[in-house]
Structure formats: C-alpha cells, structure tokens
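Please look over the sequence and the model before reading on.

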Amino acid sequence: MFERFTKDARDVVKGAVGHAEEAGAERVGAEHLLLALLDREGSRASFVLAALGAGERRESVRAALGEARRRAGLTQAETDALAGLGIDVPEIVARVEEVHGAGAMSGDRKAGGRRSGHRPFDRAAKDVLTGALRAATALRDRRIGDEHLLLALTTRPGVPAEVLADHGVTYESVTRVLHGGGEAKAG
C-alpha cells in the first residue's frame, strides 16, 4: 500500500512517527497522524485545512488533542456519557495526576524509558491508513495523498475526528473544498 502514497502522505506518516517518539508513546496513533498533518505546508491537506480555517487554529487543535490524551484518550462524548453515569473523568484525571504527575493517564512513557527504533501503529492509525486507501479508491485516485489521510481521519470515530469536527473540519467540508475549488468557509 505504501508504494501508492505520495511524497506528502509519506511525510505525514514519518511525521506521525516523530510525534509518537516525542511523546514517548509506545505506538503511533491516529492523533499522531493528525499532528503530522497540521505540520504540513504546501500540500493538498494543508490547503484544505487552511480553507476551512483550521490552519489558523492549529494550536487549538493541538491543545484539544493534548487534553484528550490527559483523559486517557477518551473523547468528550465518552467523557460526557460517563458523567451521565456519575463518573467524573476530570476528577479522576486530577486525582491520578496529583499522585503520579501531570499526564499520568496519557499512556506516554517517561523520559527515562526512552525507546528508539521501530514503533508499531495502533489499531486506530492502521484504520486511518486503510481508510485513506478506501478514500482514494472511491475518488478513483491512483495515488494516496495526505488529503486522503485527512478524509480518513474525519470518518473514523475517535478523538481526532471529534477534534476536527469541533474545528469545522468534517468529511463533508473536506470533500467540498477538494472538489469545489476551495470555496468553503468554516462555520
């Protein structure tokens, strides 16, 4: 499959590995793919993100991803559902961090356990890569570009899709920009 990736898409995958390494994560996740997409300039996905106003709100997207990581990767919808059952996730996070330090529930390794070499992709990241292939195939594109990775991130349930949607980036808006000449506006 990777032989079909454009240079931009390959750079996103490499960037995702770099973000996982920086975070001390055991595996490369979908959130790392999103962070790597946010780093891009001059690519189709960066054009789409800019057209939808997410380019200007990169730091807000990064902050939202960081907050979800602190909640052990729970989406806001999952956090709200647990609150409905009487489980106060922010309180649990605060107590765990009080005892074990900031970011204790993130799943990231501490600096002392630094690991180099190959980092496997978690299920969510693999699903995004497969989704990018499906998006390219559905659009009859021969190559898989970073725009297909962005489309896949918007369709897979989880934190990246929720954060993107909160910032006006949905499958529909991305498709509109890609096929409508960029005449989209974030709402």
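In which helix does G66 lie? G66 lies in helix α4, residues 58-70. The structure is a predicted model, in which local features need pLDDT of at least 70 and side-chain atom pairs count only at pLDDT 80 or more, while totals for chains, interfaces and linings use all residues. Residues are numbered from 1 along each chain as its sequence is written, and side-chain values use heavy atoms, with hydrogens and water left out.

**Overall make-up**

- The protein has 10 helices and zero strands, where helices (H or I, at least four residues) and strands (E, at least two) are DSSP runs numbered from the N terminus.
- Read from the N terminus, the order of elements is α-α-α-α-α-α-α-α-α-α.
- The protein has 187 residues, of which 40% count as buried; buried means under 20% relative accessible area, exposed over 50%, and partly exposed in between, with a 1.4 Å probe and protein chains only.
- Taking contacts between residues at least 6 apart in sequence, 65% join residues at least 24 apart, a contact being heavy atoms within 4.5 Å.

**Packing of α3 and α8**

- Two packed helices are described by the angle between their axes and the distance between the axes.
- Helix α3 (residues 44-51) packs with helix α8 (residues 146-155) at an angle of about 50°, and their axes are 6 Å apart.
- That angle is why α3 is oblique to α8; angles under 35 degrees count as roughly parallel, over 145 as roughly antiparallel, 65 to 115 as roughly perpendicular and the rest as oblique.
- Axes here are lines fitted to C-alpha atoms, for helices over the stretch in contact, and angles run from 0 to 180 degrees between N-to-C directions.
- On the α3 side the contact is made by R44, A45, S46, V48 and L49, and on the α8 side by D146, E147 and L150.
- The residues of this contact comprise four nonpolar, one polar and three charged; Ala, Val, Leu, Ile, Met, Phe, Trp, Tyr, Cys and Pro count as nonpolar, Asp, Glu, Lys and Arg as charged, and the others, Gly among them, as polar.

**Cavity**

- One cavity of 30 Å³ or more is found in a search of the whole structure; on a 1 Å grid over the protein atoms alone, a cavity is a set of points where a 1.4 Å probe fits but cannot get out.
- The volume of the largest cavity is about 40 Å³, a volume being the space filled by probe spheres set on the points.
- Its lining is formed by A30, V128, L153, R156, P157, G158, P160 and A161, lining residues being those with an atom within 4 Å of a point.
- By class, six of the lining residues are nonpolar, one is polar and one is charged.

**Single residues**

- G66 counts as buried because its relative accessibility is 16%.
- G66 and E31 are 35 residues apart in sequence and 9.4 Å apart in space, C-alpha to C-alpha.
- V93 is in helix α6, residues 89-100, and counts as buried because its relative accessibility is 5%.
- D127 lies in helix α7 and, at 30% relative accessibility, counts as partly exposed.
- R140 is in the loop between α7 (123-138) and α8, and counts as exposed because its relative accessibility is 76%.
- Phi of R140 is near 60°, a positive value in a residue other than glycine.
- Most residues other than glycine have a negative phi.

Definitions and conventions
On a 1 Å grid over the protein atoms alone, a cavity is a set of points where a 1.4 Å probe fits but cannot get out, and a pocket is an open set with protein on both sides within 12 Å along at least five of seven lines; lining residues have an atom within 4 Å of a point.
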